Amino acid sequence: MRFVMLARNPNLYSHQRIVSAARERGHEIDVINTLHVHMNITSSRPTLRYGGRTLPIYDAVIPRIGASVTHYGLAVLRQFEMQGVFPLNESVAIGRARDKLRALQLLAREGIGLPVTAFAHGPKKAEDVLRAVGGAETDASALSIIEAFSAANIDIMVQEYIKEAHGSDIRALVVGGEVVAAMQRTGRAGDFRANLHRGGNAVAAELTEEERTTAIRAAEIMGLNVCGVDMLR
């Protein structure tokens, strides 16, 4: 098969591993910079051009679209879909996942357990939003949050802090409706965020049956064939 991967930096370890895994299995794979693709949107003959040439019709496209280029990246992915190229994850599903509010609404509708979440527009609603999720740790921290919001007329999303998680979360990797791996991520001392790029660490984790089922259901609800599902214990 012939694959194409949308990736701005082909030298990332994760991208190199995908390329090597494809080639080890006898597949061809091209890596192209998402932002360097341009599209010819013509009735019945949608094409994509890259590096001065028209791209061939691939068997499948692997979208590795960074959050900062979501809008353009999804447009490119949709063009591949118009050509009948199979997407590892569909553009509609990626769009849902990138919109945190929309994702939470979909998961909540299907009964997936979530922290209490409040959403409002503008700083005048900040106090109401904080109250909805149980307030802040102290009055001073609540005031600082409200003052920060007052600097801009923006949408505000606040979530309940789950102290029982102790700054750790579980990431389950779901591929084709099955959990293929899981890890427990723990943040640095004093930081509730467990992201590895923020200094957290990770170890392999064993999931309970409930966690496994929840991860699979979440991926299905979002319409994602491949994804990471983050959960708090």
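## Close-up views of a predicted model

View 1. Helix H7 (residues 209-222) lies across E10, E11 and E13. The helix runs at about 130° to E13. Axes are lines fitted to C-alpha atoms, for helices over the stretch in contact (heavy atoms within 4.5 Å). Angles run from 0 to 180 degrees between N-to-C directions. Helices (H or I, at least four residues) and strands (E, at least two) are DSSP runs, numbered from the N terminus. The model is predicted: local features need pLDDT of at least 70, side-chain atom pairs count only at pLDDT 80 or more, and totals for chains, interfaces and linings use all residues. Residues are numbered from 1 along each chain as its sequence is written, and side-chain values use heavy atoms, with hydrogens and water left out.

**View 2. Four strands form an open sheet.** The strand order is E12-E11-E10-E13, with antiparallel pairing. Strands E12 (201-204) and E13 (226-231) stand at the edges. Each has a single partner strand, so one side of each lacks a neighbour in the sheet. Neighbouring strands are turned by 30° against each other on average, direction ignored. Two strands pair if DSSP finds at least two bridges between them.

**View 3. Strands E10 and E11 run antiparallel.** Eight bridges join E10 (residues 168-175) to E11 (residues 178-186). Ser168 stands opposite Thr186 in E11.

**View 4. Asp230 and Arg185 form a salt bridge.** Here a side-chain nitrogen of Lys or Arg lies within 4 Å of a carboxyl oxygen of Asp or Glu. The closest N and O atoms of Asp230 and Arg185 are 3.3 Å apart. The pair links distant parts of the chain: Asp230 is in strand E13 and Arg185 in strand E11, 45 residues apart. Arg185 counts as buried, at 5% relative accessibility. Asp230 is partly exposed, at 39%. Buried means under 20% relative accessible area, exposed over 50%, partly exposed in between (1.4 Å probe, protein chains only). A network of salt bridges links Asp169, Arg171, Arg185 and Asp230.

**View 5. Asp30 forms a salt bridge with Arg2.** Their closest N and O atoms are 3.3 Å apart. Asp30 sits in strand E2 (residues 28-32) and Arg2 in strand E1 (residues 2-6), 28 residues apart. Asp30 is partly exposed, at 22% relative accessibility. Arg2 is also partly exposed, at 29%.

**View 6. Arg109 and Glu110 meet in a salt bridge.** The N to O distance is 3.5 Å. Arg109 is exposed, with a relative accessible area of 61%. Glu110 is partly exposed, at 36%.
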